[in-house]
Amino acid sequence: MIKYLLKRLFWMVPLLVGISLVSFLIMHLAPGDITTTEAGFNPKASEESRQKLREIYNLDKPITVQYGLWLNRMATLDFGTSFASHQRPVFWEKTDPQGNVSKGLIQEALPITLLINVLSLTVIIAVALPLGIVSALTQNRPPDRAITLFVFIGFAIPGFWLALVLMYWTGVVNSWLPISGLHSLQYDQMHWLGKVADTLRHLALPVFISSLSGLAGIALFVRNGMLDVLHQDYITTARAKGLPENTVVYRHALRNALLPLITIFGLSIPGLIGGSVIAESIFAIPGMGKLFYDAVLMRDFPVIMGILTIGSALTLLGNLLADLAYAWADPRVRRGVLK
Amino acid sequence: MRSHSTSSVCALLALSLLLNACGQPETSPKTDLDRPYPSEAGGTQIDAMPAEPSGLIAMIAGESAASAVASNLFNSLLKYDKNLELVGELAQSWQISDDQKTITFTLKPDMKWSDGKPLTSADVLFTWKVVTDENTRTPYGADYKLVKQAETPDALTFRVSYEQPYAPALDTWAGLQILPKHLLEGQDINTTAFARKPVGSHYYQLQEWRNGERIALTRNPNATQGQANVERLVSRFIPDAASQFLELLADNIDLMNLNPIQYARIVPARPELQQKLGLYKELGNSYTYMGFNLKHKPFDDIRVRQAINYAIDKQEIIDGVLLGLGEPVASPYKPGTRWSNPALKPYPYDVARALSLLKEAGYQDHDGDGILDRDGKPLSFEILTNQNKQREMAAVLIQRRLKEIGIDASIRVLEWASFVGRYIKTGDFDVVVLGWSLSLDPDQYGIWHSSQQQPGQFNFIGYNNPRVDELLERGRFELDPDKRQTIYHEFASLLLQDSPIVYLFAGYGLPAIHKRIKGIDNPAPPAGIGHNSYEWYIPRPLRRNEIAVE
């Protein structure tokens with residue numbers, strides 16, 4: 001088992017290097033760099049000073065040299081500093097000689113995105129599981145039809161449109177919920193309980209919107225998994241033994257139907273850190289999606305590479321964890337791994 | 001089953017807790033927003049910005065979000081008044097030597113930084129050294145490097161000498177925000193923590209900066225220009241324009257710039273919005289144009305350029321793209337300012353003139369396919385523009401008008417970086433639809449002088465007129481405003497005559513401001529609605545219910 005683990009971890013290193021090389025190349029193949037933004041198209045900004053900036057950021061060097069420089073820094077886990085955001089560290093905070101702490105860009109955006117995604121994952125599981133089960137148990141009868149219809153609507157509805165409609169309904173017409181942002185202006189004067197309520201109120205719509213499409217997918221997945229399992233011989237056997245219906249459904253059927261979900265959740269681990277650009281822009285939430293999107297627009301290479309590297313490392317780890325969890329849950333797979 | 005119902009009760013409880021917490025009382029609807037109130041200090045004004053500043057040292061940050069906040073924190077030596085004339089800000093007065101090469105600024109006495117330290121000419125000299133330093137990562141250093149020598153004979157005098165007279169110099173000193181030497185000396189300006197906790201001298205000082213959420217400014221007790229009325233300015237970062245508008249509707253922000261549809265259709269259709277929002281109109285700082293590549297045939301022929309200019313209906317574009325909320329321009333200067341030549345009128349929409357000019361140039365529909373041609377080659381070209389809705393819509397209207405007189409134009413819309421990198425820098429384009437700013441200083445050497453055609457320079461259309469070159473050069477040496485005015489009026493009329501670009505429109509800025517904010521100049525002077533924002537005030541009965549701040 002340990003040997004298997006070590007082998008998997010060892011193979012992640014060349015994979016990571018490969019991923020970073022490809023993303024580095026693609027990023028640099030895109031036309032333009034930090035000095036060619038629309039704001040820079042200004043007769044007051046001379047071409048010489050732009051060239052000077054390019055030299056300072058090593059953007060005038062051949063791309064292989066640039067990649068080498070980047071790899072060299074990564075070897076010491078130094079993600080560098082952002083071009084666009086006043087040289088802020090990309091990943092983690094740094095303290096200058098005067099004792100001023102400069103927070104890392106990812107350090108600040110990540111907790112926000114994690115919070116939203118963990119909340120919406122919880123919502124997804126809490127809602128999609130029961131929906132999927134009920135749907136499977138009442139296959140082709142009205143409850144199933146209603147749930148499937150709801151699920152398809154949820155899947156098909158454009159998130160940004162629904163977000164705006166809900167913002168208008170709950171924020172402008174009724175002032176139930178705040179429209180955008182993370183905290184109220186009075187946040188700092190609030191009692192801690194008030195702070196929690198304030199944050200939750202701000203997160204209610206973003207979490208709802210970001211769970212909606214995931215919810216639809218998972219509910220259908222559970223439904224189909226359940227249907228597959230319910231038609232297996234061992235379910236018939238269980239019923240024939242005279243087991244109560246609840247035991248048949250929840251112990252025999254559901255546990256087997258959930259196995260494929262492990263893979264899905266393993267694969268969703270990188271998704272946990274990648275926020276949604278659209279939702280974050282509409283709700284004015286400073287999360288990872290917005291950070292990445294702005295970095296791409298500004299051609300802020302250190303930030304882009306930092307996020308991609310962390311993202312791909314997490315993807316590989318997520319795969320590994322999913323495989324391990326699968327082995328833990330399914331004896332058949334476990335035997336295969338241990339061999 | 002049981003656990004199921006318990007959890008739903010919990011969910012209901014949580015929901016009602018959430019909903020209860022939000023019943024914040026609004027200003028009572030009965031409060032009369034329209035009656036006059038006496039001016040008084042205090043209150044909070046909230047606005048929204050689409051992006052977060054990267055830092056608050058404007059010369060390093062460079063983006064508009066940074067300038068918007070920094071302009072409330074820092075002073076320059078000079079500023080533009082409401083009619084866009086230069087007046088002193090930190091400087092009490094300035095003298096130009098007889099040979100026009102030396103400018104001596106005299107600072108106002110007893111000025112302080114917001115931390116109480118004195119603000120002197122040493123700070124000005126320090127700022128000049130920073131902006132011209134080789135290691136400073138600013139794209140705006142070039143203007144200041146023209147200064148041959150800068151000195152401070154005493155604490156209130158700052159003197160700069162140029163190699164040659166440089167007329168835009170005064171404008172450049174209105175654009176350089178003075179930084180405190182005592183806090184920045186010996187630090188790396190590119191990475192200093194000062195950019196995130198600045199100390200300035202203007203009306204406001206930084207109170208709080210929540211990354212990704214908002215910046216709050218509060219009045220600076222040591223302000224060099226007197227005290228502003230509004231106690232606290234909060235700028236929330238809301239990237240999405242639709243969300244900003246919803247926040248405005250819900251009364252969570254006090255002002256934003258509307259788009260023409262919101263301004264002309266949505267707000268007027270809703271009485272409850274008209275009741276609480278004041279709509280204003282100010283001329284924006286830029287114009288949109290269609291530029292020809294003068295190095296490509298047939299645009300080297302002035303008759304073709306003029307014909308196309310006559311064939312485009314500018315008013316139609318203003319009505320279609322801006323719902324009428326814009327003005328045609330005939331020179332690259334703001335209408336109503338001294339640099340704008342009132343005698344110049346845009347090319348009228350005149351199809352007959354266009355066709356006869358094209359006929360003179362040899363273009364006629366010889367083969368009867370509906371497209372004009374000369375020597376067997378049809379008159380067709382591609383209009384390039386970047387992803388900007390207004391420019392795209394303008395291009396479509398132009399395309400239709402050109403089609404009517406037999407010119408076949410296609411449109412290509414590109415992402416900014418590839419637009420500039422692949423087409424502008426290489427000069428590989430026929431026609432572009434783009435914008436330039438209506439600059440406050442009339443010097444536009446970088447855009448129109450024939451020497452500025454290298455890749456990366458800004459005369460990418462290849463305009464070359466010796467007389468214009470001469471005027472642009474003379475204009476740079478002439479510091480007397482009246483003589484400059486004559487020079488640039490002639491320049492603008494030659495430019496209009498040559499028609500290297502078709503002026504399409506200058507759009508209005510369309511601010512909507514909640515009526516709780518009083519003291520706004522309406523109609524807006526050339527400098528725009530915000531020119532006296534320090535005089536704006538929020539009468540106590542109209543303020544939001546705020547938890548007291550200090």
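Let's start where the two chains meet: the contact takes 51 residues from chain B and 51 residues from chain A. Bear in mind throughout that this is a predicted model. On the side of chain B that touches chain A, the elements giving two or more residues are α1 (2–20), α2 (58–61), α5 (142–145), β10 (232–237), α8 (241–249), α15 (416–424) and α16 (445–448) of chain B. Of these, α15(B) supplies the largest share, with 6 residues. Sorted by class, this side of chain B has 26 nonpolar, 17 polar and 8 charged residues.

An unreviewed UniProt entry places the feature "transmembrane region" at residues 9–30, 112–134, 146–169, 203–222, 258–283 and 303–329 of chain A. Two of these spans are worth a look in the model. Residues 112–134 of chain A are 100% helix and 0% strand, and their end C-alpha atoms lie 33 Å apart. For residues 146–169 of chain A, the end C-alpha atoms lie 25 Å apart, and the span is 92% helix and 0% strand.

Next, turn to a pair of helices in chain A. Two packed helices are described by the angle between their axes and the distance between the axes. Helix α5 (residues 142–156) of chain A packs against helix α7 (residues 192–230) of chain A at an angle of about 140°, with the axes 8 Å apart. The two helices, α5(A) and α7(A), are therefore oblique to each other. The crossing in which α5(A) passes α7(A) is left-handed. From α5(A), the contact is made by A:I147, A:V151, A:G154 and A:F155, while α7(A) contributes A:L212, A:S213, A:L215, A:A216, A:G217, A:A219 and A:L220. The residues of this contact between α5(A) and α7(A) comprise 8 nonpolar and 3 polar, with no charged ones.

Back in chain B, there is a sheet to explore. Its 4 strands form an open sheet in the order β4-β5-β7-β6 (chain B), with antiparallel pairing. At the edges are β4 (91–96) and β6 (147–151) of chain B, each pairing on one side only. From one strand to the next, the twist averages 15°. To see one pairing in detail, take β4(B) and strand β5 (residues 102–107) of chain B, which pair in the antiparallel sense over 5 bridges. Within this pairing, B:W94 has B:F105 of β5(B) as its bridge partner. Finally, helix α4 (residues 121–132) of chain B lies across β5, β6 and β7 (157–162) of chain B, and runs at about 35° to β7(B).

Conventions: Residues numbered from 1 in each chain as written. Chains lettered and ligands numbered in written order. Predicted model: local features only at pLDDT ≥ 70, side-chain atom pairs only at ≥ 80, totals over all residues. UniProt positions renumbered as here; feature names shortened; annotations may be inferred. Axes fitted to C-alpha atoms, helices over the stretch in contact; angles between N-to-C directions. Parallel < 35°, antiparallel > 145°, perpendicular 65-115°, else oblique. Left-handed = near helix turned anticlockwise from the far one by under 90°. Contact = placed C-beta atoms within 7 Å. Nonpolar A, V, L, I, M, F, W, Y, C, P; charged D, E, K, R; others polar. Pairing = 2+ DSSP bridges.
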